[in-house]
Amino acid sequence: MRSPFFVRRGLGFIVGTFVLFTAGGVSTFAKADDNSVEFNVSGSFRVRYESLNNPIFPASSDTRAQSNQRLSTRLILSSTVSYKNVAGTIEMHDARVFLDENDPTLTANQVNTLEPTKFYMTYKSDVSLGSTSISAIKVGRMELDYGSRRLLAKTLYRNAANSYDGVVVQGSIADWQVDGIYILPVSRFPSDSASVDANDRAFDKSFSERKFFGVYAASSDNNIKLQSYWLKENDSEELATKNRDLYTLSVDYTKPFYNGWKTNVELIGQTGTANQTAAADDNDLKDVRAYMVFGYVGKQMTDSTFLRAEFDYISGDNNNSDDTISDFDSLYGVRRFDFGPTDVYQGMPRRNLKTVGLRSVSKPGKKHNIMLGYKAMWYQKAPQDVDSFIGHQAEVRWRYQVRPELRLVLGGAYLKKGEGFKRGDFSDDSAFLFSGALYTF
């Protein structure tokens, strides 16, 4: 655990920067006429406290403690300058963690100190040819968020951001929104445990040996969404990879029907080749055959509450010695909205999993947003001599919009472990709580 002085110094830097920018006139927006330069500055500051008793995944006391607490802070400052149909955007993130007690799950996913996560140019276009048009071209480092967010997404709950270097072309074809992307995923640095624990900083970077490209398309009513992506990566002196060469196709269909009912199904197939690990001596390239199915049926029960029954069926692997990998790879998607909080709690990964559950979201007035969730979870393929039942998970989250610029949140999760997770030194049920505040300006 860090000394109180270190905590005060780190928090002092962030709060001091925050005060400096707000006092200096944030959220400035100037526009005189069509030929003027538009300039705005905005941002947010988030603080969150998390506490976990009993890790949810089987572990030994040699690798981690029974309980863990963490104080996370995230400062975002964003600025955009626009002139006619050209705009430039830059955004800085400062994501830090305090109070953490040598938790091996603490990685660069939670810590990314004083990092430019966005710096890109946008050219707005009105080029059209028949039913095909191009509306914008973006070049540089950016965050991306598409479709169900299960394959390519911004991070919302997680402390550090996903960003990408590359080109995005936005347009339409026959009333379909179509985005073409060619990006290099950015790796966060430093990545070693000691540096992450100390909130050290180093510039993030992308690698030409890891490429991600494809197409996202959505129908005019947004009820059909298609995602078609290729991920190609190779080892280099600076980059250790699984040498993934994957093609992933997603079809997402939503259908409103009688009296407020709605159904949604997403089917994702994945094929290609990869190594089992990123180890330098792993040269055994295996075939990848993986898939994922998600679905729900829901109804607007009242003016403020939507209730749905949902399921997941995600391919998994329990045999590393054969010549096929069937673990589903979620690429650069996020999982918090499906499987619970990440960061300290970690949540289940989107692979080797079967679930059924219920989820409700209620908005009793403009200031309150309440989510209740339940899932029963099984391995899709259980490890040898291990029961397939993982457990029952209950989750709650309450958001309170105190003012337009200030939102408070309180939530938690409880995993009643099944026989499949009653292993290791921490076989008791897992209890997790978090609270936080978000101030935007």
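**Core, strands and salt bridges in a predicted model**

Within the largest nonpolar core, which has 48 residues, Leu152 and Phe212 touch the most other members. A nonpolar core here is a set of buried Ala, Val, Leu, Ile, Met, Phe, Trp, Tyr and Cys residues joined through side-chain atoms within 4.5 Å. The element giving the most to this core is strand β14 (residues 286-300), with five residues. Helices (H or I, at least four residues) and strands (E, at least two) are DSSP runs, numbered from the N terminus. Not counting residues up to four places away in sequence, Phe212 touches Leu152, Ile181, Tyr182, Ile183, Pro185, Tyr229, Trp230, Leu231, Leu331 and Tyr332, where contact means heavy atoms within 4.5 Å.

The model is predicted: local features need pLDDT of at least 70, side-chain atom pairs count only at pLDDT 80 or more, and totals for chains, interfaces and linings use all residues. Residues are numbered from 1 along each chain as its sequence is written, and side-chain values use heavy atoms, with hydrogens and water left out. The average pLDDT (the predictor's confidence in each residue, from 0 to 100) is 91, and 92% of the residues score at least 70. Over residues 1-32, pLDDT stays under 50.

Arg359 is buried, at a relative accessible area of 10%; buried means under 20%, exposed over 50% and partly exposed in between (1.4 Å probe, protein chains only). A polar atom of the Arg359 side chain lies 3.4 Å from the backbone oxygen of Asp338. Gly269, in strand β13 (residues 261-274), is partly exposed at 32% relative accessibility.

The structure holds 25 salt bridges, each a side-chain nitrogen of Lys or Arg within 4 Å of a carboxyl oxygen of Asp or Glu. One of them joins Lys205 and Glu238 (3.2 Å, N to O). Lys205 lies in strand β9 (residues 205-206) and Glu238 in the loop between β11 (224-233) and β12 (245-256), so this pair ties together parts that are 33 residues apart in sequence. Another salt bridge links Asp329 with Arg244, with the closest N and O atoms 2.8 Å apart. Because Asp329 sits in the loop between β16 (324-325) and α3 (336-339) and Arg244 in the loop between β11 and β12, this pair ties together parts that are 85 residues apart in sequence. Asp329 is buried at 18% relative accessibility, and Arg244 is buried at 14%. Salt bridges with shared partners also join Arg308, Glu310, Asp312, Arg359 and Lys375 into one network.

Conventions
Polar contact = N/O pair within 3.5 Å; in protein donor to acceptor, adjacent residues only side chain to side chain.
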